[in-house]
Amino acid sequence: MVETRLYRRSIPSMIKQLITSILILIISASVMTGQTEYLPKKGYEAYRVEVPPTINGVFDDEAWTQGNWAGDFVQNEPYADRPPSQPTEFKLAYDDMNLYIAVKALDSAPDSITNRMSRRDHGDGDMVFVVFDSYHDLRTGFVFGVSSAGVRFDMIMSNNGRNEDLTWDPIWLAKAQVHDWGWAAEMKIPFTQLRFNKNSESVWGFEVARQIFRENELSLWHPIPRNAPGFIHAIGELDGLQEVEPRKQLDLTPYGVAALETYEAEEGNPYADGSDVKFNVGLDGKIGVTNNLTLDFTINPDFGQVEADPSQVNLTAFETYFEEKRPFFIEGANITSFNVGLGDGDVGNDNLFYSRRIGRRPQGYPSTDDGEYADVPRFTRILGAAKLTGKTEKGLSVGIIEALTADTKATIDLNGTERKETIEPLTNYALVRVQKDFNEGNSIIGGAITSTIRKLDGTDMAYLHKNATSAGVDFTQYFKDRNYSLNTSLYMSNVQGSTDAISITQQSSARYFQRPDADYVELDETRTALSGVGGKIEFGKIGGNWNWQFMNVFKSPGLEINDMGFNQISDNILNVLWTAYNFTEPFSVFRSLRLNTTVHMSNDFGGTITGIGNEYNVNANFKNFWHAGIGGGYGVHQVSNRMLRGGPSMYLPNEGRLFFMMATDDRKAISGGFFGRAGWGAEDYNQRTSYGVFMTFRPTNSISISLRPSYSQNDHELQYVTQTEMNGDPRYIFGTIDQKVLSMSLRVNFSITPDLTIQYWGQPFTSSADYSEFKMISDSKAENFTNRYHIYTSNQISLEDNIYLVDEDVDGNVDYGFENPDFTWDEWLSNLVIRWEFLPGSTAYLVWSQTRNNYIEDGTFDAWENMNIMFTEGKPNNNFMIKFSYRFGLR
């Protein structure tokens, strides 16, 4: 039984005891485990060559007769500080234009080398990597890798290796060949692709790594402790490049697109005759403004080759977060990010900059009368965008984005007469992000500002903000050889617009100012602006085997960053205490083992505690190269300020959850695993389960086939349906929902060569929701859960013409009604992309995407019948596209 006293503003004694126990463990662990210890840094001196080597994986050039082979690698995984199973040697040379790297991956069993062909940046098989900290800021690393099959891999590591940006695609060359002594890798990296200063006193950070796939072994030239609080600060050093002149990059890449879309024709609709043909041209560019600052720009971009978002059904009041997939926006995203959340998942996505806002789906929809047809664009057209990124010689990191999206209009036709209606106004998006590191990278101070300006004059979209601004500052300090860290940030927001726009913002799901029991906020429908603040602080031990951290995030009720950022919930204060222990060395059946636990508490700005909980998990890697995880959590003192979507807060029963997963050795030709999740609420409040399997089949070293079917079911006593009123009093209508979701993801990758790949992705998806036991909230804070709502009796509710009619007072007259919410949604998404990089930076795409969908107002779950209807009735939407781009390297 849940008692009212549980919801008062005091922490239950068991939570106090749990927090005290964790604090004792943290203090004890900090004393016992000490800090990460480092060896003196190794150094390598690059040498100049007059005749550059031919990059072919054969060391028969004069350039490789010079200099010294460096080796003495040390194993990092699975056993730290042990000799590797196979030796490795390398040389590094340079001329005025390029770096040249030769790596001898010696192997006593060359027939056991794993040669797997894959697409770029999907490293598989035996590989070697080089890492350059050319800024020598001890935080940023440029990574170049190549597999024994010749597949290139590149990325930027930032935040001392804690963040990885795989979307960075520099222009460079690599070749590999297998020999009777092992395999060889040669690389040619133009200085235009690296950012550095000419400084006769400076060295670069430098590391070489080798992956032996069959042993699942990683060895390093300069050893780095497994429990180090980062990577880049601990790598070795490269000397001899002080007199090299930095070079500016200048690349222009025009593109052309031809596309054909086919779909089911609609009789009488002049915009839906069954097919559309489109042509488009644009220009991408990359200009080295200075040695360290690069300007990327795109004019009239096209992202037709980008994979569609996976299907989802969202029955909450909150926006779904989708990952960015467009190359222009994801490259360098670590530089422009100003994260205002914690960890992973929903809270971790919160950021002042969410690039999916640029080119978004239009927020409006045309108003049409009988007999009118509308041609509605699916996305807002991006007229142009520019991005300036880099780091100055003084240690100032800069990220600036400017984008302009078009006044997007729908065209409406009535008997041959057309009119246009704006569904997304002309909008300018701007972001400035800077960070300055000093004290050898141990201190970092930064700031960010975003601006969204819409031209609303002449439109019917005054419900949108006219101007939206956010700004913030952040600070990071590392202590004791970076084993401890302090991160803080403070930010604000201001939105301006019509009274309608600001009224909508005040009543949005992020804050619900209209809540009748929220005495600390007030809905003011005369306001034309709204401001808010937020911040976070994180302090803890990040080095060594035992880690811990205290975290606090707060967001005031008026905080609104969703014009250019992402934030689901304002009016929230979240406190988190986390600790973990890492077993990095193999023991018993384990290669490695990680234990985590967290306690957290949240409250609103009125002081009401809205949730207290605990999370725990164990993740293990086994000596047979399988891995598994298990965990769960529970929540007590649950109070929802948003469940009634503008109504009073509601007390909810305690809840718990569990998850597990296991996966086999993914190096094998056939691998796979399974996962499951379960959740439940006290008082039979809800039950939810999901489970699935994942399988990968590699019939050859160049083909991989992955399959991931999953099923979930959600039985919930209180699913929001609608809100209405009776005699001026609100009625919050809920129902018991039985929701089922079945989906499957199929992915096929065929890498013909490292530069010619075929990729396919397909997803059938079906979801049904069957509602029953409709009810209204009667007393959201009643002591007993079942007294918080009233289930309509058969005398009170009836269904006519798919409308539920409610006679609440049973006087024979209908008091209010609502539509039957039952539904089934079926969707099929598929995408086939043939990609050929015929020259470095120049690509050709052939794309075929298909979409099918089916919606019915029936909650009966019948996956086979639903799929049969979707695939046999109606015509699919097909898109065929050819895209060609050619890079002109002018420097």
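Author: On a 1 Å grid over the protein atoms alone, a pocket is an open set of points where a 1.4 Å probe fits, with protein on both sides within 12 Å along at least five of seven lines, whereas in a cavity the probe cannot get out; lining residues have an atom within 4 Å of a point. The model is predicted, so local features need pLDDT of at least 70 and side-chain atom pairs count only at pLDDT 80 or more, while totals for chains, interfaces and linings use all residues. Residues are numbered from 1 along each chain as its sequence is written, and side-chain values use heavy atoms, with hydrogens and water left out.

The second largest pocket has 21 lining residues, and Tyr 135, His 136, Asn 197, Ser 202 and Glu 393 lie nearest its centre. Its space comes to about 360 Å³, a volume being the space filled by probe spheres set on the points, which are joined across faces, edges and corners. Six residues of the lining are nonpolar, eight are polar and seven are charged; here Ala, Val, Leu, Ile, Met, Phe, Trp, Tyr, Cys and Pro count as nonpolar, Asp, Glu, Lys and Arg as charged, and the others, Gly among them, as polar.

Tyr 135 also has a charge over its ring: Lys 391 lies over the face, at 5.6 Å from the ring centre. The rule asks that NZ of Lys or CZ of Arg be within 6 Å of the ring centre and within 35 degrees of the ring normal. Lys 387 is likewise placed over the face of Phe 328, at 4.7 Å from the ring centre.

Rings can also pair with one another. Rings of Phe, Tyr and Trp (its six-membered ring) pair if their centres lie within 6.5 Å; planes under 30 degrees apart count as stacked, over 60 as edge-to-face and the rest as tilted. By this rule there are 48 aromatic pairs. Among them, Tyr 321 and Tyr 354 are stacked, because their ring centres are 4.9 Å apart and their planes are at 25°. Tyr 354 is buried, with a relative accessible area of 6%, while Tyr 321, at 28%, counts as partly exposed; buried means under 20% relative accessible area, exposed over 50%, and partly exposed in between (1.4 Å probe, protein chains only). Tyr 354 pairs with Phe 566 as well, with ring centres 5.2 Å apart and planes at 70°, so this pair is edge-to-face. Phe 566 is buried, at 1% relative accessibility.
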